[in-house]
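Q: I have a chain open here and want to go through it with you. Can we start with the overall picture and then go to single residues?

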Amino acid sequence: MDKLAHIEKLLEQIRSSEGDTFAYDEDKIQEVYEKQGANTSSLAIKILSILGGFLAMLAFLGFLAITGLYDSAIGLLLFGLGFIVASIALNKAFDKLIFDTFSISLYILGFVLFIIGLFQWDIEENTVTLLTGILALVVLLITQNYVLLFLSVLIFNGSLLTLIISNDAYELVHFYIAINAFMLAYLLLNEAKIISSYKKLAKLYNPLRIGLIMSLLFGLMAIGKRGLLPVSQDYIWLSSIVLILIVAYITHIIAGIHKIQTLKTKIIIYSLVGLLLLSTVFSPAILGALLILLLCFLVNYKTGLVIGIIALVYFVSQYYYDLSFTLLTKSIPVSYT
């Protein structure tokens, strides 16, 4: 009950500062908190529940193989769409951990069958990827389950990356990174406005936040590891433009929060930040990790902060590893015959 006591204390502080005009539904807050506690279980139970759901999914895939339904494109499509609808319906009807884990298995299985069915129907790869992304976007707009929303964000952004790779339009990955970075920055910097503007947005916020962080990391990994994608190193700085602007803006906000007003201090801070940003122009992956780190530090998002630190360490290590490899390659003497 420590968390509930902390919430009550925080509400009392807000009431004392806002006056008698501030009102809240204490019974409803306690009801929601107790409901969350009732659905909280140990890590072992969660793992067993998820494992059970995936075993059931594998068993059903075996059933489809035995019955020969894999040969029916229409059957696969209908089963896939049916499972996706069923997963959403389960989450709307029940709010229990066991149903959550089962619905997640249904959701993943539904997308797998949907994609296999489209390919068996001899539909072009770009069309399959586009339809998968659209379906994920539709689910994103109608469901309110945390994990399903998170998976929908990843599937949608994964579809965008797949379209870029399958069409050999590798330079478009810079726009993918820029869009995800801008959306993540806008989301985190406008947290209060987004949560208070509409009830559904409040439920979308948390999974959308972590989903955008992971999606941005996928893009950063695509250009952060040399050779993973054949992106031209001559234009690698394109991703850095938007990232530098956002990081500079966040630095300005942090300086304002800490009330840094003296001109000398501002010059020192902005000069150091400027030098840091300029030194990473040709390593946008490091810039992206730094962006995640600063954003999550600013809004006190601990999970994102840990992800940002890990990503920063990884991308810095990867950059120097690739740099050493490149220099080693250049140092090898070439024999002329």
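This is a predicted model: local features need pLDDT of at least 70, side-chain atom pairs count only at pLDDT 80 or more; totals for chains, interfaces and linings use all residues.

Q: What about contacts with a separation of 6 or more, how many of them join residues 24 or more positions apart?
A: Residues 24 or more positions apart account for 70% of those contacts.

Q: OK, the core. Which residues in the largest nonpolar core touch the most other members?
A: That core has 42 residues, and the ones touching the most other members are Leu 184, Ile 213, Leu 216, Leu 217, Leu 291 and Phe 315.

Q: Which elements give two or more residues to this core?
A: Those are α7 (146-166), α8 (173-189), α10 (199-224), α11 (238-257), α13 (284-299) and α14 (302-331).

Q: Which one gives the most?
A: α10 does, with nine residues.

Q: Take Ile 213 then. What is it in contact with, leaving aside neighbours within four places in sequence?
A: Ile 213 is in contact with Leu 184, Ile 292, Cys 296, Tyr 301, Gly 304 and Ile 307. Leu 184 is also among the core residues that touch the most other members.

Q: What is in the second, separate core?
A: The second core has 14 residues, among them Phe 111, Phe 114, Ala 136 and Leu 148.

Q: Switching to helix packing. How do the axes of α8 and α13 cross?
A: The two axes come within 10 Å and cross at roughly 10°. An angle under 35 degrees counts as roughly parallel, so α8 and α13 are roughly parallel to each other.

Q: Which residues meet there?
A: From α8 there are Ala 181, Leu 184, Ala 185, Leu 188 and Leu 189, and they meet Leu 291, Ile 292, Leu 295, Cys 296, Leu 298 and Val 299 of α13.

Q: And by class?
A: The contact of α8 with α13 has eleven nonpolar residues, no polar ones and no charged ones.

Q: Now Asn 180. Is it buried or exposed?
A: Asn 180, in helix α8, has 3% relative accessibility; the cut-off for buried is under 20%, so Asn 180 counts as buried.

Q: What does the side chain of Asn 180 make a polar contact with?
A: Its partner is the side chain of Asn 157, at 3.4 Å.

Q: What else does Asn 180 touch, not counting residues up to four places away?
A: Besides Asn 157, Asn 180 touches Leu 212, Ser 215 and Leu 216. Leu 216 is one of the residues with the most partners in the largest core.

Q: Over to α7. Is Leu 161 buried or exposed?
A: Leu 161 lies in helix α7 and is buried, at 12% relative accessibility. Not counting residues up to four places away in sequence, Leu 161 touches Val 173, Tyr 176, Phe 218 and Gly 219.

Q: How far is Leu 161 from Val 173 in space?
A: Leu 161 and Val 173 are 7.3 Å apart, C-alpha to C-alpha, and twelve residues apart in sequence.

Q: What about Ser 159, buried or exposed?
A: Ser 159 is also placed in helix α7, and it is buried, with a relative accessible area of 7%.

Q: Let's do loops. Where is Asp 122, and what is its phi?
A: Asp 122 is in the loop between α5 (97-120) and α6 (125-142). Its phi is positive, near 60°. Most residues other than glycine have a negative phi. Asp 122 is exposed, with a relative accessible area of 72%.

Q: And Asp 168, where is that?
A: Asp 168 is in the loop between α7 and α8. Its phi is positive too, about 55°, although Asp 168 is not a glycine. At 53% relative accessibility, Asp 168 counts as exposed.

Q: Last one: where is Leu 228, and what is it in contact with?
A: Leu 228 lies in the loop between α10 and α11. Leaving aside neighbours within four places in sequence, Leu 228 is in contact with Met 221 and Ala 222. Its relative accessibility is 48%, so Leu 228 counts as partly exposed.

Technical notes: Residues are numbered from 1 along each chain as its sequence is written. Side-chain values use heavy atoms; hydrogens and water are left out. A nonpolar core is a set of buried Ala, Val, Leu, Ile, Met, Phe, Trp, Tyr and Cys residues joined through side-chain atoms within 4.5 Å. Buried means under 20% relative accessible area, exposed over 50%, partly exposed in between (1.4 Å probe, protein chains only). Helices (H or I, at least four residues) and strands (E, at least two) are DSSP runs, numbered from the N terminus. Contact means heavy atoms within 4.5 Å. Axes are lines fitted to C-alpha atoms, for helices over the stretch in contact, and angles run from 0 to 180 degrees between N-to-C directions. Angles under 35 degrees count as roughly parallel, over 145 as roughly antiparallel, 65 to 115 as roughly perpendicular and the rest as oblique. Ala, Val, Leu, Ile, Met, Phe, Trp, Tyr, Cys and Pro count as nonpolar, Asp, Glu, Lys and Arg as charged, and the others, Gly among them, as polar. A polar contact is a pair of N or O atoms within 3.5 Å; within protein, one must be able to donate a hydrogen and the other to accept it, and residues adjacent in sequence count only if both atoms are side-chain atoms.
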